[in-house]
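Hi there,

Here is the structure I promised to pass on. Have a look, and then read on for what turned up in it.

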Amino acid sequence: MAWTLSEIVARLGGELHGEDRLIARLAPLDEAGADEIAFVTGAKHADALRASAAGAVIVKADLLDIAARPAIVCADPYVYFARLAGLMCPPAAARAAGAHPSAAVAADAQVAASAEIREFVSIGAGAVIGERVLLMAGAVVEAGAVIGDDCVLHPRVVVHHGCVVGARCILHAGAVIGADGFGNAWAGDHWEKIPQIGRAVLGDDVEIGANTTIDRGALADTVIERGVRLDNLIHIAHNCRVGAHTAMAACVGVAGSTSIGANCMIGGAAMISGHLKIGDRVHISGGTLVAKNLDKPGQYTAVYPLATHKEWLGNAAHVRQLGKLAARVKQLEARLAAANATDPHSTKEPQ
């Protein structure tokens, strides 16, 4: 669906500079053509902006002179681009309310008349499906689970018994909400399973990536607060809490009973140990292992620098001696302190 720049500004705001023109598509800056629009987030992309063949760009005011073409000026080009993508690429056709003949819907399930239930969906006893919900092929909503209004569950999503999904959530293919947490007690010669009787509860406007798993609580609930964004292949263990608008990239693992604050950003493959507290506005770099509480906002990184294998072996050998080195330094400091106590004017270091 093509839009003129003036129509876009009328819908989304911003300021149009230069001639009005028809825009057919959004495109990356380095690939965009004359009927396409791209966005530029900052001055570090100035050279790419000069070289781009884009017919129009979305920029901040400080890049307007460099743009040298029709431009929409706004405070945050990335956010503007996200909204423009929703405008120019709306969802597919309207949902077809009703249940496919192959769907299995319990007699006492409450399914809104406006919901669309596709092939081979299973809805358990007492489950509640809100208005305009879309359950794609093979999705499973177990007994007593609640799916809020305007949610989309992609193929093979499973929401286990008693769990709650807030309004306007998107759960991508294969996501599992409310599987048993990893609760086991060692009985001397075998493991005793600890029943997991809490729930998994998702707030409104949460998006869960493909094959991400959120375990139910052992006693209390596992809670994912409003606006959280979880990428693919993430594991959130039992009794965790993830604060509002926190985002995690793929392959993050969060061990049980950890609380993560609001507006945090956690890079891909970061690992967070159990029973920790992460404060608000904490940013954790990809690949970082977090093994202690992080109370203050800021960026945290603990990734060993990449090296050749030979260099790594040498560094690892030194790391293994750090305990002995620390003990040696402590002995030398004690000897130096003793020497200074005997002769305060001495500057000679112990041998």
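Which side chain does D35 meet in a salt bridge? The partner is R25, at 3.2 Å from N to O; a salt bridge here is a side-chain nitrogen of Lys or Arg within 4 Å of a carboxyl oxygen of Asp or Glu. The pair sits 10 residues apart, with R25 in strand β4 (25-26) and D35 in the loop between β4 and β5 (36-39). The whole structure holds 12 salt bridges.

A word on the source: this is a predicted model, where local features need pLDDT of at least 70, side-chain atom pairs count only at pLDDT 80 or more, and totals for chains, interfaces and linings use all residues. Residues are numbered from 1 along each chain as its sequence is written, and side-chain values use heavy atoms, leaving out hydrogens and water.

Now the helices. The axes of α1 (residues 5-12) and α4 (residues 77-88) come within 11 Å and cross at roughly 110°; axes are lines fitted to C-alpha atoms, for helices over the stretch in contact, with angles from 0 to 180 degrees between N-to-C directions. That makes α1 roughly perpendicular to α4 (65 to 115 degrees).

Best wishes

How values were computed. Helices (H or I, at least four residues) and strands (E, at least two) are DSSP runs, numbered from the N terminus. Angles under 35 degrees count as roughly parallel, over 145 as roughly antiparallel, 65 to 115 as roughly perpendicular and the rest as oblique.
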